[in-house]
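Open the model in your viewer, and keep the selection tool at hand. Each stop below says what to select next and what is there to be seen.

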Amino acid sequence: MILGKVSGTVVSTISHPLYDHRRLLMCDLLDAGGADTGGYLICVDTVGAGPGETVLILDEGNGARQVLAWKDGPIRAVIVGIVDQLLIDEVVYDVTG
Amino acid sequence: MILGKVSGTVVSTISHPLYDHRRLLMCDLLDAGGADTGGYLICVDTVGAGPGETVLILDEGNGARQVLAWKDGPIRAVIVGIVDQLLIDEVVYDVTG
Amino acid sequence: MILGKVSGTVVSTISHPLYDHRRLLMCDLLDAGGADTGGYLICVDTVGAGPGETVLILDEGNGARQVLAWKDGPIRAVIVGIVDQLLIDEVVYDVTG
Amino acid sequence: MILGKVSGTVVSTISHPLYDHRRLLMCDLLDAGGADTGGYLICVDTVGAGPGETVLILDEGNGARQVLAWKDGPIRAVIVGIVDQLLIDEVVYDVTG
Amino acid sequence: MILGKVSGTVVSTISHPLYDHRRLLMCDLLDAGGADTGGYLICVDTVGAGPGETVLILDEGNGARQVLAWKDGPIRAVIVGIVDQLLIDEVVYDVTG
């Protein structure tokens, strides 16, 4: 899994019916220290994450379908947690933004 | 999922029979702000996307086969939506090109 | 899928028996304009591609096994088409080499 | 598989129930000589690894679920071993940190 | 598949029981011309490869499990052949090291 920060939402009026009523969140990918890497992933949310929050992203299709209990879901990346703290080299980093 | 922009079509006279009558679209990959990254993917279309449109790309084989209801399809990347707007840091970006 | 150009052949006298009688082609990876990226993949051929030809590469294990009808094949990348033209921004690029 | 070094723990108070009681370790990715690459992965532990230890990381969802005997686990990366030594070009490198 | 060169062995005294009696080889990844890329993968061997040999690496979990006939194996990368020659642009490159 990797770290991301929710930056916004992707609006798509024409999309595959399997995406109806699914909110797609734009997430900037973070490095191990919580800094922006320049990369991003568009993720389906499972925990009610909102803009500015640091999140845990699972980027693997089979696991993503399982976490959503969505057997035939055309997805690859999901938000599986909201991250509060990173304990790195015995120092606590608060990342609740 | 990631963002792309349809730039053209790939013409292949000799290809595996499973690709007959499938249109292959060249998609430039975009960053989170909608700028060209220099990367690309050749995608199968599912939503009627055309040149210049910003699209949502799913790059995962099992999900791609499911979205196309194409159980044995030799594919990895599909266009699953046309993107109209990005709502980033509470600003609306129109990306209909 | 991505674009490649066949540059040669990989000769392996000692290999897993599942590879017997399979020709392994060295393919340089191309960017969206057909230029060499410096990357490569060693692919199993399915369409009779030869040196110098621009090809369509599928880099995904499950799809690769299906296109070869080779259920237990230890493969990841296959050549699934020979590319003749790229139609990019309404300009036709001949890539038959 | 690749090499990593455990640098800390990720604390997530809101996460998908499937993660309850699973410890998530932040692992810096190492190059073949044991030096930090700047990359990282958040991994589920299977061997009792602790901060500062060099570990063997498997980054593949289906294998990760199997090693944890966790059929529907929403995971991709697991720590599968603690690395003691690298024998490179006939030289022994102790990496027990 | 990609090219690698075996550079050494990874010693792990504490590892998941599924790895018992499996030799883990450190392989430097090579470019299409056989030069070191700086990357690496830790691979399970299937052909008796030794240090200094140029090898063919399959980096895909499902195929790796099949080539080893190891249905639940927690692996991703395997050595599936020893490479003797590369025939690139009609020139033969001997890569037996």
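**Stop one: chains A and B**

Begin by selecting chain A and chain B together: 29 residues of chain A are in contact with 26 residues of chain B, where contact means heavy atoms within 4.5 Å. Between chain A and chain B an area of about 2200 Å² is buried, and carbon and sulfur atoms give 57% of that area; buried area is the accessible area (1.4 Å probe) that two parts lose on being put together, summed over both. Now pick out A:V11, A:Y40 and A:R76, the residues of chain A that lose the most area to chain B, together 25% of what that side buries.

Before going on, a word about what you are looking at: this is a predicted model, in which local features need pLDDT of at least 70, side-chain atom pairs count only at pLDDT 80 or more, and totals for chains, interfaces and linings use all residues. Residues are numbered from 1 along each chain as its sequence is written, chains are lettered from A and ligands numbered from 1 in the order in which they are written, and side-chain values use heavy atoms, with hydrogens and water left out.

Select B:E60 and A:R65 and show their side chains, which meet in a salt bridge at 3.0 Å, N to O. The rule, a side-chain nitrogen of Lys or Arg within 4 Å of a carboxyl oxygen of Asp or Glu, finds 2 salt bridges across the interface of chain A and chain B. Across this interface there are also 13 residue pairs in polar contact, both residues being at pLDDT 80 or more; a polar contact is a pair of N or O atoms within 3.5 Å, and within protein one must be able to donate a hydrogen and the other to accept it, while residues adjacent in sequence count only if both atoms are side-chain atoms.

Colour chain A by its elements next, and you will find that β1 (2–11), β2 (14–15), β3 (24–30), β4 (36–45) and α1 (61–67) each supply at least two residues of the side that touches chain B. Helices (H or I, at least four residues) and strands (E, at least two) are DSSP runs, numbered from the N terminus.

**Stop three: paired strands**

Turn to β2(A), which 2 bridges join to strand β6 (residues 77–82) of chain B, the two running antiparallel; two strands pair if DSSP finds at least two bridges between them. Select A:I14 here, and look opposite it for B:I82 in β6(B).

**Stop four: the axis**

How is chain A laid on chain B? A turn of 72° and a shift of 0.0 Å along the axis does it with an RMSD of 0.0 Å, and the two copies are thus related as by a five-fold rotation axis. Copies are superposed by least squares on the C-alpha atoms of residues with pLDDT of at least 70 in both.

Finish by selecting A:N62, which of the residues of chain A comes closest to the rotation axis, at 6.7 Å (C-alpha). A:N62 is found in helix α1 of chain A, and its side chain makes a polar contact with the side chain of B:N62 (3.3 Å).
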